[in-house]
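I opened a notebook page for this model. The entries below follow the order in which I looked things up.

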Amino acid sequence: MENIEKLKEIVEGCLQNKRRSQEALFQMFYGKMLAVCMRYISDQDTAQEVLQEGFIKIFDKLEVFDFKGSFEGWVRRIVVNTAIDSIRKAKRAPILKDNDNDFKVEASNEIEENEKIELIELRAEKAVEAIQKLSPAYRTVFNLFVIEDYSHKEIAEMLGISEGTSKSNLSKAKKNLKQILTEEFSNLRE
Amino acid sequence: MRNIEDLFKKSLKDHELPYDKKAWSEMTKKLDAKNPGTSNGLKWIFGAAVFAVMVTTYLFLSSNEASKERQAELIQTEDAPADETNNEILIKNPVQNKLKSTDQEVDNKFDKEFCCGDEAIVVQKPIVEELNIKTVGTTELQQPVYREVAIVPLAKDEIKSPLYFSKPKDRCLNSDFSYSNANDKSIYLLWPSENLEEINAKESLDINLDEKGKYQIGTLNQDQEFKEFVSFMVHQSSVIQLTAKDYLDFENGLPELNVQAFSDHPVDWTLNGENIAQKSNSENFNLFDKGSYIIKASTADVNGCQSEDQVSFYVEKNYNLLAVNAFTPNSMDHRNTYFMPYALTKRDAAFKMIIIDPSNGAVIFETMNADQPWTGINMNTGELVEENKSYVWKVVLQNPEKGESPEYMGTIVRL
C-alpha cells in the first residue's frame, strides 16, 4: 500500500526539482513500470528509454496530481500512454490495425485446450515472454483490455481504431497466446 | 475464452522487475539535459556567489555605520599598548548564550562547553568580544574597519539576547536532515566543505547530508565570523558488496547458490524479501524453483549507518532431485544399470522412493536407502520390467530443507 504521507513528501520534493526526491519516486515505481513497458515493447533497451520518457512526463505533470485517486494508477497511465506513443512513432504509421503478418506463430490449427490452460500456473516471466511474441497490434490491445482494464470503446479512442478492430485484435491475440502456451508446455513435456 | 485472460491477469498482477541502479544514472542524464541549470553543483556555486556578495555588502555597510556611531560616542579610552593605534575603544559586548533544546532528538554527547539539562543546553563559557578599532582620523572612518576578536569569559549577570539551539544526533551520509531555528534572528549551518547556509528566524532548513564530516550550527558575530554553538558528525557508512557465482552448485545434491558479502560487520540477508536467520559473510541459498531470485544483504556499522547491496539470479529449471530419465539394467556400463536420483546419493536425507507401473498403477519397487537403487526388477514378479517403457518414480522426503517441497516425481524409461 502506498504510504500517502511519505509519497506526498516525495512528490513535494519533486515539485521543487529536488534530485533526491525524484530518485526516490523513480526507485519506488521503477520495477513495476518497467514490467509494464516490457509488456508493450519487446526490446529491453527501448523499454528502458520509454520508461525514462514516461518519468520525465510524470515529473512534468506532477503538479496536476491532486491525490484524490491512486498515484500508482496515475503513474501507470502515463507510462502506458508513453509506450503506445513510442510504438506509434516506431512504425511511423497507424500500426494498430490487425495484421496477421506481424505474428510469428502460424495459427494453423484451431486450439481447443481451455481445460489444459486452466491448469497452468503461469509465471510472470513466461507471460511477458508470450505477450512479447505477439504483433504490436495484438499485444497493445491485449495489454490494454486484459491487464489495464480499458474497454474496447476506450481502446478504440486511444489507438485511433474502430471498436470492431479492437475486439478482433483481442480475439486473435488470445488465440495466438493459447497456441504459444500450448507449444511451450508441450516442449516442457518432451 | 475468459480463462486465458484470467491466467495472464493473475500472473502479471504484481509483476515487478528488480531495481537497476544504472537506470537512475541514465535518468539523471535525461533530467540534466532537460534542466541544465538545476544540478546541485551549480546551485551551490550560485548560492555561494550570492552569499559572498551579501556578506561583503553587509560588512561594508555595517562597518561604516558602526564606525560612525562609535566615533560619536567614544565610550571609553584606555591606554593603548605600544602600537600604531591612536585611540583604542574597548566595547564590552556581553552575550550570554543560553541554549535550549527544541529538537526531541537531543543527544547526550554534548560538547564539553555545554552542560546537560533535561531540555536546556547552557553555554558555560560565554564570550566577550574585544574590539580594537583604528580611529586615526575622521576620513578613515568611512572605510571598512578590520578587527580582531578575542573571546574571554563573561560574567554571569551580563545576560543579553539568549539564543536557543538543539543538539542534533550524529547522522549517516545521504540522510535527510531538518533543523528548526526557534530564534528571532538568523542562525547558520556550516558544512564540512565550509559552505555556509543561513537558517532564517523561525524557519526550518531541510537538506540532504551529502558531505561527510563535521557540521556546525551557530551564528555570525559582528565581524561576520562564524561561531559554533552545536555540531554533529555525518558518517559515511561502510560499503557492503556482494558477489555470487553465476551457476548453482549441486555438489551436496542441493541447488545451492553461494553469495559472499564483503563487509566488516554482521550481515542481514533477505531472499526475495524474506529475512534469513544466518548472518555470516558467506551464505548458501537453496533455489529449488525455476524463476527470478533477489538476494539482498545489508549491514549497519558502529555509527548505525546502513548500506546494502543485492544480486539477482535466474533459475532456469525446477529442481527435481537431479534424476536421470532413462537407465539400462543390462548395460555393460555399470554407471547406468540402476536408478536412484543423484541428489539422494549426495544428500543425507531420510526418504522413501517408490516406482509405479503406469499401466496398472502397481507399486513395483520401493526403497528408503540410497544404496539400494532400483535395478529394474519388479519386486512383485522378480523379473526385469519391460524394455522401452516409462515408469513413474516418486520420492517423499521426511525432512525437506527450508522452502523445499517434500515430494518429487518424474518418469524413468527402462532401455
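I took a salt bridge to be a side-chain nitrogen of Lys or Arg within 4 Å of a carboxyl oxygen of Asp or Glu. The model is predicted, so I kept to its rules: local features need pLDDT of at least 70, side-chain atom pairs count only at pLDDT 80 or more, and totals for chains, interfaces and linings use all residues. Residues are numbered from 1 along each chain as its sequence is written, chains are lettered from A and ligands numbered from 1 in the order in which they are written, and side-chain values use heavy atoms, with hydrogens and water left out.

**Entry 1, between the chains.** I looked up K174(A) and found it in a salt bridge with E5(B), with 2.4 Å between the closest N and O atoms. The count between chain B and chain A is three salt bridges. On the side of chain B that touches chain A, the elements giving two or more residues are α1 (2-12), α2 (21-34) and β18 (291-300) of chain B. Helices (H or I, at least four residues) and strands (E, at least two) are DSSP runs, numbered from the N terminus. That side of chain B divides into 13 nonpolar, ten polar and twelve charged residues. Here Ala, Val, Leu, Ile, Met, Phe, Trp, Tyr, Cys and Pro count as nonpolar, Asp, Glu, Lys and Arg as charged, and the others, Gly among them, as polar.

I then noted the contact, meaning heavy atoms within 4.5 Å. Chain B brings 35 residues to it and chain A 47 residues. The buried area between the two chains is about 4000 Å², and carbon and sulfur atoms give 62% of this. Buried area is the accessible area (1.4 Å probe) that two parts lose on being put together, summed over both.

Chain A has nine helices and zero strands. I counted four helices and 26 strands for chain B. Buried means under 20% relative accessible area, exposed over 50%, and partly exposed in between (1.4 Å probe, protein chains only). By that rule 51% of the 190 residues of chain A are buried, and 39% of the 415 residues of chain B.

K153(A) forms a salt bridge with E157(A), at 3.9 Å between the closest N and O atoms. Both lie in helix α8 (residues 152-159) of chain A, four residues apart, about one turn of the helix. E157(A) is exposed, at a relative accessible area of 60%.

**Entry 4, pairs between parts of chain B.** Which parts does the salt bridge of R347(B) and E404(B) tie together? The N to O distance of this pair is 2.8 Å. R347(B) lies in the loop between α4 (342-346) and β21 (351-357) of chain B, and E404(B) in the loop between β25 (389-397) and β26 (407-414) of chain B, so the pair ties together parts 57 residues apart in sequence. R347(B) is buried at 7% relative accessibility, and E404(B) is buried at 7%.

I looked up R414(B) next; its side chain meets that of E387(B) in a salt bridge (3.7 Å, N to O). R414(B) lies in strand β26 of chain B and E387(B) in the loop between β24 (383-384) and β25 of chain B, so this pair ties together parts 27 residues apart in sequence. R414(B) is buried at 5% relative accessibility, whereas E387(B) is partly exposed at 48%.

R39(A), R76(A) and E148(A) are joined into one network by salt bridges that share partners. Over all chains, the structure holds 21 salt bridges.
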